[in-house]
Amino acid sequence: MTRFIVIGVGIPRCRKSTFSILVSSHFERMTIANTTMNKKKPLLISRRSLLQKGLAGTVALTFLPLDGITKSFAQETAKPVLSGAPTSLPFLKNGVPQFQLKVLSDKAPLHFAAQQISQIMPELTGKTATSPTSAWTLKIDIANDVLNRQKITHESLGNDGYLIVKDGDGLLITGFTGRAVLYGIFALLESATGFAWVRPLIGSVPLEPIQDATLKLPFPLTSKPAFVERGLSLSEMQWKTDSDQMLNWLERNGLNMNALHTWSFEPAWNSTSTNAPDFKEAAAAREKRGLPLEIHGHSFGFLVPPGEFGKTHPEYFSLIDGKRKVSARSSQLCLSNPAVLDLITQRFEKMLDAQPDLQTLGLGPNDGAGGWCQCEFCNAMDSPGDMHQPFTHGERSYTTRYIKFANQVAQRLHTKYPNARIHVYAYTNYIAPPDCEVDPALEVEFCAMYRCTVHALNDPNCPKNAAFNRFLQGWLAKTKNIYIRDYFIMMGDGAARSMPTSLYTLEKDIRYYQSQQLLGMVPEMIPDGPNGANVASGELYATWLQPPSRYTDVWDTGWLVYYGMARLLWNPAQKAEDIIAQACDSYYGAASEQMSQYHQILQENWYQSGHPGVAPPANQITTFSENVQSGPYCLGWGYAPRITWQANHLFDVQPDGKTTKAELTKLAQLLLDAREIARKKMLPVLRDRIEADVQNFQEWALSQGYEIDFRFGQTKVKFMSTARETTAQ
Ligand SMILES: [Zn+2]
Ligand SMILES: [Zn+2]
């Protein structure tokens, strides 16, 4: 056994747990003995200064073996596959770009890339009318010959991976698709300037202009994402109201998916029109970026609208207690009726006729869990195994009949469109795996709603997630075409300021999904912006946020985790603490050191909080679904109204359940120090960002019974009242 003394430099917070995580990342097996922490005076060196010293990572660890030989190295962020000697190219000098862009082939995404560069460079430098000095040329192309020469196949690089090679005096970025080239460009810009687009609306421009930058990378360089499907389910963003900011943010962060929802098209199938809905606008917004066009969502009511068929063909709808129930919300379709199969197949064909590049068609039951048909023919489609699969909604499963129906649609559709893929949900009372084959053309979106957001999905010690994981494994035995929909934001009252799952949990989840070879992850989210202002129509959506003005609050609280998710989906080997430091550099600029520590503490506390309560005695759980949906231990989607439950897990909570004043003081002081930096530097944008964090913190602290004085001018933590010094109910 080798024994080391380990000294950390630049660790966001000198705390045993952080330190252990960092140290253990270097060793598979490790025992920490006699850890001595210098708590009084942690040595803090900013990531910025480490970078200036040429250390690529965020944290330097020095390992001093006890035999006296000194070994020191920097813990580096996970990197793409690199080869060749590092090349250094001037990128910016006094705010002037030092390269000239050259588009080599006439493809829409490459022209969009050029337009993006001409938009981004002035945003980064704060200089609008500067013509670049052409010290070197940055060429972009979809260049199969170059890739062939490098012996890179489409299969190995995928649709999203890129290659950057030296080309004459400059560089060439290429890939097998337009969006791959865009991903390469954004990675290059970030690598040169250190600026990342961490948030869609307000984080898209640096706080202070970047004047000088040098690109230092070894070439050739290839990078490809670990997952095929990466994105957000912006369920409230409609096709008519795609926002440039949201689509830009997705693409600049290596994401490729923002599926459209059938709800957007509902009116198109009404009785007055049998034309396929018009996808042109949505298709164009994606085509220019090289992003795929996909339709998902709860679509039974869209494909067989009650308004069109309710009166003439009530037999298309569910038979419930002896009567046909015609509804697009609270009931489903009679899936055993051959006319329903005909109709849905025809409608999908019409959609594909109108838009042949449509990659996925949504075949989702109406939202919720109710109203499955009780007719004898539908019942005959079930498997005996479905009768006892209790889960989040109800005590039986309907997956087998649903998937049997979806298989039939896929097989029918394939006679005309052999490559068509169909999106299906695994959700509520159809989340248990089916007792039938799953057609390879089906893409399963596994919706772990009500999962515990503290523990990883495969954590065997979490009773909630163990149940979800069992179902996921059941699906995996049938198909590999699965991706995860998650629910980081907790909806309902108080949801806007609910912390999403911790990045440390997400890190574990995403590595687990990678090990299971899932397609990827597309969690639910809403667009960024006040009052839905980021939605072009200005209409209010997400009414469950109550009031809808809380669009901004959701991103104020969640930006770090959504950004982190994007990073991890590209490269699951990246570490949460590196992502936090890097994101805070871009988002908080001069105050990044304080804010990085602040977020590091919250993320870590949240992750390490464990179960917030004890499991109820078995005799108090009347049904399994009741347990999963509302069990008092483990946090999940259903806990939004109980923000206090969550808040006490953001802080250091003692065995008696009380939040410590010391922990609150430390966090509040970091916020006050950061705010002071913004004031001294006269950066109102930075002040606003910190103010949003202050507001979140105030609300969480209040829920713990502590009111802290954050009035303007305060620089030292002062408690105003501790009237309710009790823990959450
Ligand atoms: Zn039926
Ligand atoms: Zn749990």
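Visitor: Let's start with Lys-151: buried or exposed, and how many other C-beta atoms lie within 10 Å?

Guide: This is a predicted model, so read everything here as computed. Lys-151 has 7 within 10 Å, so it is exposed.

Visitor: Where does Lys-151 sit?

Guide: Look in the loop between helix H4 (144–149) and helix H5 (154–157).

Visitor: And what is the phi of Lys-151?

Guide: General idea first: most residues other than glycine have a negative phi. Lys-151 isn't a glycine, yet its phi is positive, about 60°.

Visitor: What about Asp-321: what phi does it have, and where is it placed?

Guide: Asp-321 has a phi near 50°, again a positive value in a residue other than glycine. You'll find Asp-321 in the loop between strand S17 (318–320) and strand S18 (323–325). Asp-321 has 6 C-beta neighbours inside 10 Å, so it counts as exposed.

Visitor: On to peptide bonds. Is the one from Phe-219 to Pro-220 cis or trans?

Guide: As a rule, most peptide bonds are trans. The bond from Phe-219 to Pro-220 is cis, with omega near 0°. To find Pro-220, go to the loop between strand S11 (213–218) and strand S12 (221–223).

Visitor: Now helix packing. At what angle do H16 and H17 pack, and how far apart are their axes?

Guide: For a helix pair, read the angle, the axis distance and the handedness, then see who touches whom. Helix H16 (residues 551–570) packs against H17 at about 120°, with the axes 10 Å apart. That angle makes H16 oblique to H17. The crossing of H16 past H17 is right-handed.

Visitor: Which residues make that contact?

Guide: H16 brings Leu-560, Tyr-563, Gly-564 and Arg-567, and H17 brings Ala-576, Ile-579, Ile-580 and Ala-583. Sorted by class, the contact of H16 with H17 has 6 nonpolar, 1 polar and 1 charged residues.

Visitor: At what angle do H17 and H18 pack?

Guide: H17 (residues 576–588) and H18 (residues 592–608) pack at about 140°, their axes 9 Å apart. So H17 is oblique to H18. Here too the crossing is right-handed.

Visitor: Which residues meet there?

Guide: From H17 come Ala-576, Glu-577, Ile-580, Ala-581, Cys-584, Asp-585 and Tyr-588; from H18, Ser-592, Met-595, Ser-596, His-599, Gln-600 and Gln-603. The contact of H17 with H18 divides into 6 nonpolar, 5 polar and 2 charged residues.

Visitor: Zooming out, how many helices and strands does the protein have, and what share of its residues count as buried?

Guide: There are 22 helices and 26 strands. Of the 729 residues, 48% count as buried.

Visitor: What does pLDDT say about the protein?

Guide: Take pLDDT as the predictor's confidence in each residue, from 0 to 100. The protein averages 80, and 73% of the residues score at least 70.

Visitor: Where does pLDDT stay under 50?

Guide: One such stretch is residues 4–83, for which the model has 109 contacts beyond four places in sequence. Residues 725–729 are also below 50, and that stretch has 12 contacts in the model beyond near neighbours in sequence.

Key
Residues are numbered from 1 along each chain as its sequence is written. Chains are lettered from A and ligands numbered from 1 in the order in which they are written. This is a predicted model: local features need pLDDT of at least 70, side-chain atom pairs count only at pLDDT 80 or more; totals for chains, interfaces and linings use all residues. Axes are lines fitted to C-alpha atoms, for helices over the stretch in contact, and angles run from 0 to 180 degrees between N-to-C directions. Helices (H or I, at least four residues) and strands (E, at least two) are DSSP runs, numbered from the N terminus. Angles under 35 degrees count as roughly parallel, over 145 as roughly antiparallel, 65 to 115 as roughly perpendicular and the rest as oblique. A crossing is left-handed if the near helix is turned anticlockwise from the far one by less than a right angle, and right-handed if clockwise. Two residues are in contact if their C-beta atoms, placed from the backbone, lie within 7 Å. Ala, Val, Leu, Ile, Met, Phe, Trp, Tyr, Cys and Pro count as nonpolar, Asp, Glu, Lys and Arg as charged, and the others, Gly among them, as polar. A residue is buried if 20 or more other C-beta atoms lie within 10 Å of its own, exposed if 12 or fewer, and partly exposed in between; C-beta atoms are placed from the backbone.
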